[in-house]
Amino acid sequence: MVNLQKKYQNGFEAVPGLDLHIDDGEFLVLVGPSGCGKSTVLRMVAGLEDITGGDLLIDDVRVNEMGPQQRDIAMVFQSYALYPNMTVGDNIAFAMKLRKTDKTEMAAKVAEVAELLELTAVLDRKPGQLSGGQRQRVAMGRAIVRNPKLFLMDEPLSNLDAKLRVQTRAEISKLQRRLGVTTMYVTHDQVEAMTMGDRVAVLRRGVLMQCASPAELYESPQNLFVAQFIGSPSMNVVRGNVSSADDHSITLSLGSQHVRIDGEARARLAGLGEYVGREIAIGIRSEALGGDGTASIDVVVDLVEMLGSALLVHSTIDAPAVRSIDTGVEISDKAESAVVASLDPRRQVSEGSRLTLTLDTLRMHAFDLETGDAIGRR
Ligand SMILES: Nc1ncnc2c1ncn2[C@@H]1O[C@H](COP(=O)(O)OP(=O)(O)OP(=O)(O)O)[C@@H](O)[C@H]1O
Ligand SMILES: [Mg+2]
């Protein structure tokens, strides 16, 4: 899509202009907070919503004015709207019936899809006699039999309970890979986005913040919004100051503490050279505190949470928190902020104690306080 735009009739500009390319066979996830325009984009691609500007190209053909039927797209919604009085088999076969497909061919296709989705045993049941996960798979089956050029899914797992959601998301991923169908998948859940997508496009207020592989989004967020949206626990971000910078090292102050950054870590943050004497936002993921590291910060432990796989240590640092908000960047007016560190679960840490957290400076992030843009290599 090139400069794809949506202005609703009431004048609201839901999508000011989106450029996004999806490769053949790719699983692209569109993620962002509620109301950011994910469904609007998907519905424009499906042909269910008028496009008010820009071009939508499928295989290099402009399809803006094409009806949904001609686009050769299948869509699975949050509410999968199965026909309650039809059997699972008939639900799956429905689109083929409409196209007056040959009976034997239809039966073979239904059997094949049912096998693929592990629905063979329930083919004669009605949707009311299925579990949520099975119903969801029937909806998938209905879309798959059409052999579409493009698969669109809008929060297809949101009606499932947490456990089933995790299981089904893995099933959808596997299925997509096996079928190789180009897929656009919408979710507001960043974990779902990260685990399923070949690439993830992060939207805020209809604007693309970054589109990259899950690893790149996590390791190299281009702005504060992406940095804080992706990852759980959310990245610790506090206001700091660039005390000094030269060709060998950069020194940052976070409240009363100083952090020296040298070597490769300095090179990664070389752009900070232009910020000497100025305030910036410093981002540190919880797992960059408490593993290996060349720097450290001292804290007092407020709370310890044992997750089994990690020990989450909550503490306080004497620097204000910074967070991305709808209109830009907000610096807390409190002088202190909470910092979460993820430690080896075998460590003994007691609440109220003093603790030195090792800091992996290679995994530090810096952001401009005005624009929220990441400050990286020069
Ligand atoms: N028909 C409409 N007329 C005017 N504004 C609309 C219309 N439909 C949606 N919007 C607005 O457009 C924005 C994007 O809506 P959209 O449904 O695409 O969001 P979303 O990202 O899918 O959100 P959610 O995660 O809650 O499903 C919202 O601010 C919404 O209020
Ligand atoms: Mg939506």
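**Close-up views of a predicted model**

**Figure 1. Strands β15 and β22 form an antiparallel pair.** In this predicted model, strand β15 (residues 279–284) runs antiparallel to β22, and 4 bridges connect the two. Within this pair, Ile282 stands opposite Ala366 in β22. Strand β22 covers residues 364–367, and its side chains point in two directions. Met364 and Ala366 point one way, whereas His365 and Phe367 point the other way. What do these four residues share, being buried or exposed? All of them are buried.

**Figure 2. Four strands form an open antiparallel sheet.** The order of the strands in this sheet is β20-β17-β16-β21, and the pairing is antiparallel. Strands β20 (337–343) and β21 (354–359) stand at the edges. Each of these two has a single partner strand, so one side of each is left without a neighbour in the sheet. On average, neighbouring strands of this sheet are turned by 50° against each other, with direction ignored.

**Figure 3. Helices α2 and α4 pack against each other.** Two packed helices are described by the angle between their axes and by the distance between the axes. For helix α2 (residues 88–98) and helix α4 (residues 132–144), the angle is about 30° and the axes lie 7 Å apart. Why is α2 described as roughly parallel to α4? The angle of about 30° makes α2 roughly parallel to α4, because angles under 35 degrees count as roughly parallel. The crossing of α2 past α4 is right-handed. Which residues meet where the helices touch? From α2, Val88, Asn91 and Ile92 meet Val138, Gly141 and Arg142 of α4. By class, this contact of α2 with α4 comprises 3 nonpolar, 2 polar and 1 charged residues.

Figure 4. The peptide bond that joins Ser232 and Pro233 is cis, with omega at about 0°. Pro233 is located in the loop between α8 (224–229) and β12 (236–245). For comparison, most peptide bonds are trans, and most residues other than glycine have a negative phi.

Figure 5. Glu118 is a residue other than glycine, yet its phi is positive, near 55°. Glu118 belongs to the loop between α3 (103–116) and α4. Is Glu118 buried or exposed? With a relative accessible area of 65%, Glu118 is exposed. Arg205, which is likewise not a glycine, has a positive phi of about 45°. The loop between β10 (199–204) and β11 (207–212) contains Arg205. Arg205 counts as partly exposed, at 47% relative accessibility.

**Figure 6. The whole chain places the close-up views in context.** How many helices and strands does the chain have? There are 9 helices and 22 strands. The C-alpha trace spans about 75 × 50 × 35 Å along its principal axes. Of the 378 residues in the chain, 49% are buried. Among the contacts with a separation of 6 or more, 68% are between residues 24 or more positions apart.

Definitions and conventions
Residues numbered from 1 in each chain as written. Chains lettered and ligands numbered in written order. Predicted model: local features only at pLDDT ≥ 70, side-chain atom pairs only at ≥ 80, totals over all residues. Heavy atoms only, no water. Buried < 20%, exposed > 50% of the residue type's maximum accessible area, 1.4 Å probe, protein only. Pairing = 2+ DSSP bridges. Axes fitted to C-alpha atoms, helices over the stretch in contact; angles between N-to-C directions. Parallel < 35°, antiparallel > 145°, perpendicular 65-115°, else oblique. Left-handed = near helix turned anticlockwise from the far one by under 90°. Contact = heavy atoms within 4.5 Å. Nonpolar A, V, L, I, M, F, W, Y, C, P; charged D, E, K, R; others polar.
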